[in-house]
Amino acid sequence: MKSSILRAGVVALACALGLSACGGGSGDLYLSGAVYNVTKDGLVLQNNGGDDTNVVSPYTAFQFGNRVSTDDQFNITVKSIPSNAKECVVNNGKARANYYTIGQISVTCTIKQHALTAVIKNLTGSGLVIINGADRQNVSVDAKTVQMAMVNEGAAYGVTVLQQPTGQTCTVTGGYIDPNKPGDVGNGTGTMGPDENTTVTVTCTP
Amino acid sequence: MKFSLARPAFALAITLTLASCGGGGKATFPINVTVSGLQYPGLVLSTNGQDLTVNPPATTGQDVVLTFPNQIEYGQTYEVTPKDATITNHTYTGGSQPKHQNCAPTLFPAYGTAGQLAKIDIRYACAILAYPLTGTVNGLKGTGLVLANGSTAGTIGVNPVLDTNNTPTGAAVTFAMNPVPYNTTYGVTVLTQPTNPTQTCTVTGGANGTGGGTMDDAAENNKGVTNLVVTCQ
């Protein structure tokens with residue numbers, strides 16, 4: 001009699017401890033996933049309208065602080081996006097939690113892109129080719145401006161002369177101007193800001 | 001008498017039925033191949049003693065769908081590799097790859113046994129080879145130097161060499177930009193000049209002498225562009 005009461009008590013206690021160890025609603029599954037095309041702070045995700053989670057450097061993944069239990073409904077939404085993002089979309093963000101569904105979540109952002117224009121001055125020779133890294137543009141003799149490929153906001157750009165025109169030498173100025181260097185005219189390199197009118201200047205002589 | 005005639009006829013019927021199951025030939029399987037991303041000629045795939053030359057599609061970006069000339073029989077094993085490739089645990093190196101590209105199996109294994117799956121469907125994906133873009137920074141004493149190669153190839157920071165007292169020595173530092181794909185231009189520029197002390201760095205070298213060029217055949221034969229020089233004063 002005594003021993004059976006004791007045994008029941010021990011079992012009940014063990015059960016209670018076991019349950020509480022599981023965390024009264026905080027479950028054993030981490031809500032996490034990959035993040036694509038995020039380059040700076042500002043992406044905040046929510047689950048079921050709460051548990052705000054910041055996506056931080058190196059901006060490749062997220063993980064919610066609160067865990068969920070199997071069969072809990074999760075619904076991941078975007079609360080705010082980085083300043084250089086056009087939009088961020090959650091993929092497979094709404095389901096009942098199990099080992100399969102929690103492995104399928106990701107967030108993909110689209111970064112804003114802006115025009116980069118090269119203003120061409122005094123070009124008289126043929127054959128000028130200007131590049132921004134892998135973006136190559138042939139410049140016709142009568143061109144006044146050249147539209148380079150769009151550049152992600154926050155990304156670097158550096159316009160250079162790949163090939164000089166016949167009989168002339170062209171140099172690139174503009175881009176970032178160092179305020180600490182009097183007379184700095186820039187070298188055609190900078191970081192793409194939020195504006196649509198970023199230009200560099202290609203000046204040819206003689 | 002009647003019976004004795006019927007019996008041989010029955011035996012003949014059985015023989016015919018068996019023949020239609022076996023002697024007429026086992027089920028055979030075509031080896032289908034889909035190659036994506038192919039841009040240059042030279043790819044030859046090989047399996048079961050057969051070669052299949054894969055030419056680039058008429059329209060860049062389209063998949064090339066081909067079938068090996070001869071089908072294989074149920075139970076025969078196959079392994080589709082670039083011709084004469086070295087095979088190590090079903091990964092293939094070398095062999096008849098296209099120019100400027102490397103192709104490898106994707107999605108599914110390129111080996112198996114005919115009949116294992118309803119259909120033999122081999123997938124290869126080809127990527128353009130990329131080559132190193134490297135050089136040396138001379139005279140760097142300040143901190144914060146950042147080099148860029150346009151907008152899509154990333155940036156790298158370069159730190160000065162320090163002596164045991166943490167004083168910058170200005171000694172040469174090597175750097176490596178992200179590799180550049182074949183037939184792609186590169187133009188290395190100084191995104192951020194070093195400060196403390198303030199320095200001005202300029203880029204020379206590359207194919208055009210000012211840090212630019214194209215990763216062309218000459219650069220490919222040279223295993224990349226390694227002659228960039230950034231001079232800081």
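Reader: Hi! What should I know about the numbering and the model before I start?
Author: Residues count from 1 along each chain as its sequence is written, and chains are lettered from A and ligands numbered from 1 in the order in which they are written. The model is predicted, so to speak of local features we need pLDDT of at least 70, side-chain atom pairs count only at pLDDT 80 or more, and totals for chains, interfaces and linings use all residues.

Reader: Thanks! How many helices and strands are there in chain B?
Author: Chain B has two helices and 21 strands. Helices (H or I, at least four residues) and strands (E, at least two) are DSSP runs, numbered from the N terminus.

Reader: And what about chain A?
Author: Chain A has one helix and 16 strands. Of its 206 residues, 28% are buried; in chain B the share is 29% of 233 residues. A residue is buried if 20 or more other C-beta atoms lie within 10 Å of its own, exposed if 12 or fewer, and partly exposed in between, with C-beta atoms placed from the backbone.

Reader: Where is confidence lowest in chain A?
Author: In helix α1 (residues 2-22) of chain A, with a mean of 47, while strand β10 (residues 129-132) of chain A is highest at 97. These are pLDDT values, the predictor's confidence in each residue, from 0 to 100. Chain A averages 88, and 87% of the residues score at least 70.

Reader: How should I read a part with low pLDDT?
Author: Where pLDDT is low, the predicted coordinates should not be read in detail. Over residues 9-25 of chain A, pLDDT stays under 50, and the model has one contact beyond four places in sequence for them. Two residues are in contact if their C-beta atoms, placed from the backbone, lie within 7 Å.

Reader: Switching topic: which domains does chain B have?
Author: Domain 1 covers 26-128 and domain 2 covers 130-232; the bounds come from an automatic or database domain assignment. Their C-alpha centres lie 40 Å apart.

Reader: How many residues does each chain give to the contact?
Author: Chain B gives 20 residues and chain A gives 21. On the side of chain B, β15 (145-149) and β18 (185-192) are the elements that give two or more residues. The largest share, six residues, comes from β18(B).

Reader: Nice. What classes of residue are on that side of chain B?
Author: Five are nonpolar, 15 are polar and none are charged. Ala, Val, Leu, Ile, Met, Phe, Trp, Tyr, Cys and Pro count as nonpolar, Asp, Glu, Lys and Arg as charged, and the others, Gly among them, as polar.

Reader: Which sheet holds β15 and β18 of chain B?
Author: They belong to an open sheet of four strands, in the order β16-β15-β18-β20 (chain B), with antiparallel pairing. Its edge strands, β16 (155-158) and β20 (212-214) of chain B, each pair on one side only. Two strands pair if DSSP finds at least two bridges between them; β15(B) and β16(B) have four bridges. B:Val146 stands opposite B:Gly157 in β16(B).

Reader: Where are the cis peptide bonds?
Author: One joins A:Ser57 and A:Pro58, with omega about 10°, and A:Pro58 is in the loop between β3 (50-54) and β4 (61-63) of chain A. Another runs from B:Asn196 to B:Pro197, with omega near -5°.

Reader: Last one: is B:Leu107 buried or exposed?
Author: B:Leu107 is exposed, because it has 12 other C-beta atoms within 10 Å. Its phi is near 65°, a positive value in a residue other than glycine.
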